[in-house]
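Hi,

Here is the structure I promised to pass on. Have a look at it first, and then read my notes below.

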Amino acid sequence: MTNQMNRRTFLGATSTALAFPYVGQVLGANDKLNVGVVGVAGRGAGNLKGVANENVVALCDVDAKNLAGAAKQFPQAAKYADFRKMLERKDLDAVVCSTPDHTHAIVGVSALKSGRHLYCEKPLAHTVSEVRAMTDAAVKHKRVTQMGNQIHSGKNYRRVVEAIRSEAVGPVTEVHVWSAASYGKVNLSAEDAPLPPGFDYDLWLGPLPYKPFRKEYAPFHWRNFWEFGGGTLADFWCHYADLAHWALDLTHPLTVHSQVGEARPERVTFTMRVELTYPARGKKPPVKLIWYQGNERPKGLTEAQAKQWRSGVMFVGDKGRLISNYNRHELWPADQFKNYQAPPVTIPDSIGHHAEWIKACKEGGRAASDFRYAGPLTECGLLGIVSHRLGNKKLDWDWKAMKAKGMPEADRFIRHKYRPGWSL
């Protein structure tokens, strides 16, 4: 089968042999993917924009109002409330998942198993076991994947990675990562609140055990609850810690220890500090990474610096420090680096976070934040939540066994548990 074979010929020739087209080997750059989008509001709307130049053939959302709004932009697309019905289509090449965290894995693994390429919003999933299932499914089924940590495709992160790898501040042994985002201060209203019109709460819960609806759960505030999201850590780890993982080639930690804050049973924690240790990687030394949120900040920041860098990543080496946010970076102390010359550009600029995924779907290859990279990154952030919800106990992490050594009580937060009728 050659790349010259056109799409129609390929689909016709394989329709009886495969339930899906193997797109990566047959579509040319000028062909279009048939894309189905699950979750079409919020980040879903942004992701729809990212794939709007492809054939958006299916829209799926548990909220009829959201679905109707997206259908105005893509009137030719079929509409679904249940993603499982959408995946029964024979013409889908790829799926975009923009649902709340607790349904990422159930949508994503189903899409991968059905042979579709997958773009999934961050964090990759809600539990470590779900993330591992997503990562393994992508490899097993040889699908092109991309996690939606869009800043990974920005120019600033590339220049920071080049600077750190060229040892602009020397070998890095410590990284501080912090976010000014705020979750956890939401109030709790009465249970069994009236459902928004057109909102299918049972499908929204998906694999989770039933619990009475509160108006704070959906559609907007679900990140404030452990059951559906993970607050600031789950929301922003994959954006900011991404820079540390990329620049320093970090994967799986040795230990994870939440040290600040007291976990409540339902609502997420506002203020947290989590310390992770990573082993040496070849000639690169071991690294300590400290995450801060809420009222926590690195001690090395002055009051003025803390105001200027409300969220950021600070690399500490024996020659100085490099601090960065999404769009800019500086080397400190400034006087010491006044004659600093940036290293040669070695990481090409991205064609766009969605665009590189689309290109790889059609032509083969990998997207920059595919699940082989994004999986371990996501797991580290989720392990901080595990340590925190266990009463700030330190985890000695065995990543291959997916176990906290000597701590069986951690399994309930590491491994997903679904209600009957749902499985990965």
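Let me start with a question: in which loop is the place of Pro-219? Pro-219 belongs to the loop between helix H8 (201-205) and helix H9 (231-248). Before I go on, please keep in mind that this is a predicted model.

I began with Pro-219 on account of its backbone. The peptide bond that runs from Ala-218 to Pro-219 is cis, with omega near 10°. There is another cis bond to look at, between Lys-122 and Pro-123, where omega is about -15°. Pro-123 lies in the loop between strand S5 (117-121) and helix H6 (128-140). For background, most peptide bonds are trans, and most residues other than glycine have a negative phi.

Glu-167 is not a glycine, yet its phi is positive, near 60°. You'll find Glu-167 in the loop between helix H7 (155-165) and strand S7 (172-179). Asn-392 also isn't a glycine and has a positive phi, of about 60°; its place is the loop between helix H12 (371-389) and S14. Are these two residues buried or exposed, or something in between? Glu-167 is partly exposed, at a relative accessible area of 39%. Asn-392 has a relative accessible area of 19%, and the limit for buried is under 20%, so Asn-392 counts as buried.

Now for the sheet. Nine strands, if you follow the order S13-S12-S11-S7-S10-S9-S8-S14-S15, form an open sheet with mixed pairing. Strand S13 (329-332) and S15 are at its edges; each has a single partner strand, so one side of each has no neighbour in the sheet. At the S13 end, strand S12 (residues 320-324) is joined to S13 by 4 bridges, and the two run antiparallel. Across that pair, Ser-324 stands opposite His-329 of S13.

Strand S8 (residues 255-260) and S14 run antiparallel and are joined by 2 bridges, with Thr-255 opposite Asp-396 of S14. S14 is also joined to strand S15 (residues 403-404) by 2 bridges, again antiparallel. Here Trp-397 has Ala-404 of S15 as its bridge partner. S14 and S15 make a hairpin with 4 residues between the strands, and in this hairpin Met-402 takes a positive phi near 55°. What are the two faces of S14 made of? Leu-395 and Trp-397 are on the covered face of this strand (residues 395-398), while Asp-396 and Asp-398 are on the uncovered one.

Next, a pair of helices. H6 and H12 pack with their axes 9 Å apart, at an angle of about 175°. Angles over 145 degrees count as roughly antiparallel, so that is how H6 lies relative to H12. The residues of H6 in this contact include Val-128, Val-131, Met-134 and Ala-138, and among those from H12 are Phe-371, Gly-375, Thr-378 and Leu-382.

Last, the aromatic rings. How many aromatic pairs does the structure hold? There are 17 aromatic pairs. One of them is Tyr-201 with Tyr-210, an edge-to-face pair with 6.1 Å from centre to centre and 75° between the planes.

The charged end of Arg-328 is over the ring of Trp-309, 3.9 Å from the ring centre. Lys-122, the residue joined to Pro-123 by a cis bond, has its charged end over the ring of Phe-236, 5.9 Å from the centre.

Over to you, and enjoy looking around!

Conventions: Residues numbered from 1 in each chain as written. Predicted model: local features only at pLDDT ≥ 70, side-chain atom pairs only at ≥ 80, totals over all residues. Heavy atoms only, no water. Phe/Tyr/Trp six-rings, centres within 6.5 Å; stacked < 30°, edge-to-face > 60°. Lys NZ or Arg CZ within 6 Å of the ring centre and 35° of its normal. Buried < 20%, exposed > 50% of the residue type's maximum accessible area, 1.4 Å probe, protein only. Pairing = 2+ DSSP bridges. Axes fitted to C-alpha atoms, helices over the stretch in contact; angles between N-to-C directions. Parallel < 35°, antiparallel > 145°, perpendicular 65-115°, else oblique. Contact = heavy atoms within 4.5 Å.
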